[in-house]
Amino acid sequence: MKILLVEDDRSIAQSVVDGLSAEGFTVALATSGRAALDATDFDMVLLDLGLPDMDGRDVCRQLRQRTGVPIIMLTARAEEFDRVLGLELGADDYITKPFSFRELVARIRAVGRRTVDAPGGGDEPAGPQQVGPLLIDRRTRRVSVDGTEVQLTAKEFDLLAFLATDIGAVHTRTEILESVWDAHWYGPTKTVDAHVASIRKKLGQHKWIEAVRGVGFRLEPPGR
Ligand code: CA
């Protein structure tokens, strides 16, 4: 797995690069927000929020617009505000400084399992799943509607794939948060609503995901 590390603190950067390389990861280092946005070919991003040239949150937002790969934010600020905002910016996880190297590797592997290596785990169907005109391929993490590919972020894919595990069944917001986000990400359930809104928009039909008032959401082909 190729990891893009965005960190301006040379001593932290060097120890993370050395440590992750020893763990078998390929690491590219960007020491500014601008360099991060110029980087190509990576499977995951570790993003320091305190960068010299740009606000890390803007870097996160812009990275998310151009890639669906998982983003783990490295933050010295542990306040609830940042966690919630991080989710809204499209980050997949965060780790608070100072962190232990073991903690960092565990977080990388956990996010990697949930996103990059998600297929094959558990009882998810192995082949692509057809739901009306919607095709969900968990192996390649691709989604298409009537043969046209839809670009979802990592979290949007996970959420859609989770709803698709039981077509027509209602999943509560808490169930969705527990399955798609880590327990320590627990924030306002409106995070789920924001992701649902984005998926609906990308699928081109609001009716794909029905909100069941006071309960949660269900996935069903529109017009059934
Ligand atoms: Ca920094």
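**Exercise 1. Is glutamate 7 buried or exposed, and which lysine does its side chain meet in a salt bridge?**

Step 1: Glutamate 7 has 1% relative accessibility, so it counts as buried. Here buried means under 20% relative accessible area, exposed over 50%, and partly exposed in between (1.4 Å probe, protein chains only).

Step 2: The partner is lysine 97, at 2.9 Å from N to O. A salt bridge is a side-chain nitrogen of Lys or Arg within 4 Å of a carboxyl oxygen of Asp or Glu.

Step 3: Now place the two partners. Glutamate 7 sits in the loop between S1 and H1, and lysine 97 in the loop between strand S5 (93–96) and helix H5 (101–114), so the pair links parts of the chain 90 residues apart. Helices (H or I, at least four residues) and strands (E, at least two) are DSSP runs, numbered from the N terminus.

Before going on, note that this is a predicted model: local features need pLDDT of at least 70, side-chain atom pairs count only at pLDDT 80 or more, and totals for chains, interfaces and linings use all residues. Residues are numbered from 1 along each chain as its sequence is written, and side-chain values use heavy atoms, leaving out hydrogens and water.

**Exercise 2. How far apart in helix H5 are glutamate 103 and arginine 107?**

Step 1: They are four residues apart, which means a separation of about one helical turn.

Step 2: Their salt bridge has its closest N and O atoms 3.7 Å apart.

Step 3: Check each side. Glutamate 103 is partly exposed at 33%, whereas arginine 107 is buried at 15%.

**Exercise 3. Which residues coordinate the calcium ion?**

Step 1: The donors are Asp8 (OD), Asp48 (OD) and Gly50 (O), at 2.2 to 2.3 Å. Donors are N, O and S atoms within 2.8 Å of the metal (3.2 Å for Na, K and Ca); water is not among the atoms, so sites may look incomplete.

Step 2: Along the sequence, the spacing reads D-x39-D-x1-G. Aspartate 8 lies in the loop between strand S1 (2–6) and helix H1 (10–22), and aspartate 48 in strand S3 (residues 44–48), 40 residues apart.

Step 3: Aspartate 8 is partly exposed at 29%, while aspartate 48 is buried at 5%.

**Exercise 4. What does valine 17 contact, leaving aside its neighbours within four places in sequence?**

Step 1: Valine 17 is in helix H1 and is buried at 15%.

Step 2: Its contacts (heavy atoms within 4.5 Å) are Leu5, Val27 and Leu29.

Step 3: Leucine 5 is 12 residues from valine 17 in sequence and 7.9 Å away, C-alpha to C-alpha.
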